Amino acid sequence: MRIVHVRGGVRLNGRKRRAERGRITSLPIPAYLNVPLKQHIGAPAEPVVRVGEHVLKGQLLGRPPGPMSAPVHAPTSGRVIAIGAAPAPHPSGLDTPTITVQSDGEEQWIELAPPIDPLALDAAAIEERIADAGVVGLGGAAFPAAVKLRLRTRHPIHTLIVNGAECEPYLTCDDRLMQERAEEIIDGVRIMLRALEQDRSGPSIRALIAIENNKGDALAALKKAASAHPGIATIAVPTRYPMGSEKHLIRAVTGKEVPARALAPEIGVLVHNVGTAFAIHRALRFGKPLISRIVTLSGGAVASPQNFEVLIGTPVSALLRAAGGLRQPPARLLMGGPMMGAMLPHAEVPIVKGTSGILALTSAEIAARPAAPCIRCGTCVAVCPCGLVPVEMVSQIRGGRLEGALRFGLLDCVGCGTCAYSCPSRIPLLQYLNFAKGELTARERTKHKAEEARRLAERRRLRLAQQAEARAATATARPRQQHRHPEGSEATGAPDRTTNPQVAA
Amino acid sequence: MFAAVFCLTLLGGALGLLLAVAAQRLKVNDDPLAAEIEALLPGSQCGQCGYPGCGAGAIAIAAGEAPVTLCPPGGRALAQRLASTLGIELDLSQVADGAPMVAVAREDICTGCTRCRKICPTDAILGAPRQLHAIIRDACTGCGRCVEVCPTESLALHPVAVTLETWYWPRPQLPI
């Protein structure tokens with residue numbers, strides 16, 4: 001199959017060597033686990049357990065309040081010791097609602113549903129089981145997987161791309177997963193295909209597993225596992241950041257471009273990460289909810305970089321300890337890759353469903369230099385994979401003209417950071433762009449609130465007018481009574497009480 | 001030369017007459033600008049700007065007597081929209097954006113007098129006589145009128161807490 005050239009992008013030093021050799025190992029169960037109620041895009045889950053309650057491994061801890069959400073489950077058996085705010089794995093260092101489970105070390109599973117053949121289920125049943133297992137996109141964005149699959153009802157899907165590109169440096173979690181659990185990934189892909197092919201006439205859906213060509217072993221393992229299934233093919237894509245970005249991968253593999261601010265399913269393509277395919281396999285074949293994931297621990301400060309299967313909710317500090325600690329205090333702690341990952345305020349934050357890696361970087365690796373003036377060299381324009389003009393957007397933002405940045409396509413920026421990485425003056429272009437996006441969203445929120453306040457004020461004005469009218473009507477109907485006891489009714493507030501519906505209710 | 005002078009004088013006179021007639025015939029009585037500005041203002045009639053209600057405030061802005069930054073509940077976003085409506089250059093970084101506030105009731109000293117509930121311009125306070133009052137945070141504009149009428153000082157304005165949903169990266173601090 002021909003690979004379409006994608007504009008821009010940058011070839012990065014992979015730095016994957018150190019962590020890619022060792023097999024995936026399981027981590028000892030930590031003393032306690034912090035399970036945030038919101039680890040996905042959408043509404044936070046609502047707790048269904050109480051403090052002090054004993055929970056079993058895989059038991060439901062939080063229920064989704066609506067369709068655009070995902071449940072969370074107990075990663076191990078133990079006692080719920082707290083439900084409340086705990087630090088989130090987020091650069092802000094703010095708290096997030098979290099359920100803390102103290103593990104009892106027993107690893108006692110709840111009773112799992114008897115195994116069934118998922119390939120015999122219909123699409124709705126498959127999607128329901130995926131949703132109940134709390135499976136979200138494991139590539140990093142954590143979009144609920146079932147919601148994404150359900151988009152098939154709105155847009156006809158012709159291609160399922162399984163994203164194994166893993167373009168971020170350091171990270172090798174998908175690489176190891178593909179090498180060690182290729183059969184299971186293929187099974188997850190078949191289950192997704194089964195759901196997508198439901199009540200569909202015409203040509204069957206093709207599944208393409210896209211892997212960057214620097215992962216030869218993973219490519220070979222999946223090719224072998226997929227050989228028995230004619231609808232599933234593997235495809236090697238060039239090693240070029242940001243190949244793992246949904247829009248860019250679709251462009252490379254199918255030659256189609258996702259329109260500005262549109263979703264991939266609108267052009268008939270659905271993209272799921274290989275880790276998500278594996279989680280779907282586990283959820284459907286064994287009824288096990290998503291309570292663990294593969295996490296790459298790497299970076300210059302880490303003594304022995306490796307991939308671990310980590311329970312969701314494990315504190316980063318516990319992971320660092322279990323992996324043999326650090327060689328030196330890290331200059332920066334990151335969750336995710338070095339290009340798009342989130343800086344962590346400290347190591348006492350939990351591993352969540354969207355955590356692909358924990359990187360402890362040394363100051364030599366960060367190579368931070370102070371920003372110099374822009375020389376208008378145009379490098380950022382040349383490398384931008386979205387075809388934008390970061391230099392112009394940022395000069396608009398610097399001048400306080402955020403609308404100007406919008407005109408230059410700020411909302412089409414995927415935030416990959418290629419511009420900031422390539423800038424010879426080390427201008428923090430990405431931070432400017434992220435600031436502008438956040439500020440515009442905040443203004444939008446303020447505007448919405450002002451509109452709501454105006455609506456409420458108008459409703460109140462109408463209500464008060466109606467009440468005054470009603471009072472006037474009563475007064476004219478009973479002029480004498482009103483005349484005789486004016487003070488009495490005023491003092492007790494009787495007119496208000498009888499006519500105000502709020503109080504009466 | 002006389003022909004040119006004559007032509008231009010005639011042209012000027014005719015166009016001037018046209019403008020004078022148009023000014024009379026197409027006269028607008030209400031100030032449309034004030035109405036436009038009032039539509040932008042929050043409309044909660046809170047009076048924090050120092051004018052009695054949003055309508056009076058809008059007239060003052062239209063007349064150039066009040067700055068576009070007068071509305072505390074509207075904040076920076078409103079100041080910017082007003083500036084673009086009036087065609088004024090406004091350096092938003094200079095606008096002191098008072099952090100958005102929300103009223104919070106201290107439960108132990110609320111007597112349930114319902115005074116705040118009656119005065120709240122957006123009906124953001126829920127309560128009944130001699131019952132603890134609660135504030136609907138999403139509807140509260142932080143105008144502070146309830147704080148003024150509270151007899152027990154149970155109510156106070158607090159800055160709206162930043163959450164993971166509302167946090168965003170700060171603007172980079174660069175000398176250049």
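User: Which helix gives the largest share of the lining of the largest cavity?

Analyst: That is H8(A), with five residues. Helices (H or I, at least four residues) and strands (E, at least two) are DSSP runs, numbered from the N terminus. The model is predicted: local features need pLDDT of at least 70, side-chain atom pairs pLDDT 80 or more, while totals for chains, interfaces and linings use all residues. Residues count from 1 along each chain as written, chains are lettered from A and ligands numbered from 1 in written order, and side-chain values use heavy atoms, without hydrogens and water.

User: How many cavities of 30 Å³ or more does the structure hold?

Analyst: First, the idea. Rolling a probe the size of a water molecule over the atoms shows where empty space is left. In a cavity, a 1.4 Å probe fits on a 1 Å grid but cannot get out; lining residues have an atom within 4 Å of a point. Here there are seven.

User: Which residues line the largest cavity?

Analyst: There are 19, with A:Leu138, A:Gly275, A:Phe278, A:Ser292 and A:Arg293 nearest the centre. H4, H8 (274–286) and S13 of chain A each give two or more. By class, 10 are nonpolar, three polar and six charged.

User: What volume has the second largest cavity, and what lines that one?

Analyst: Its volume is about 110 Å³. Of its 14 lining residues, B:Pro42, B:Cys46, B:Cys49, B:Cys54 and B:Cys71 are the closest to its centre. Eight of the lining residues are nonpolar, six polar and none charged. Cys and Pro count as nonpolar.

Technical notes. 1 Å grid on protein atoms, 1.4 Å probe; cavity = no way out; pocket = protein on both sides within 12 Å on 5 of 7 lines; lining within 4 Å. Points joined across faces, edges and corners; volume = space filled by probe spheres on them.
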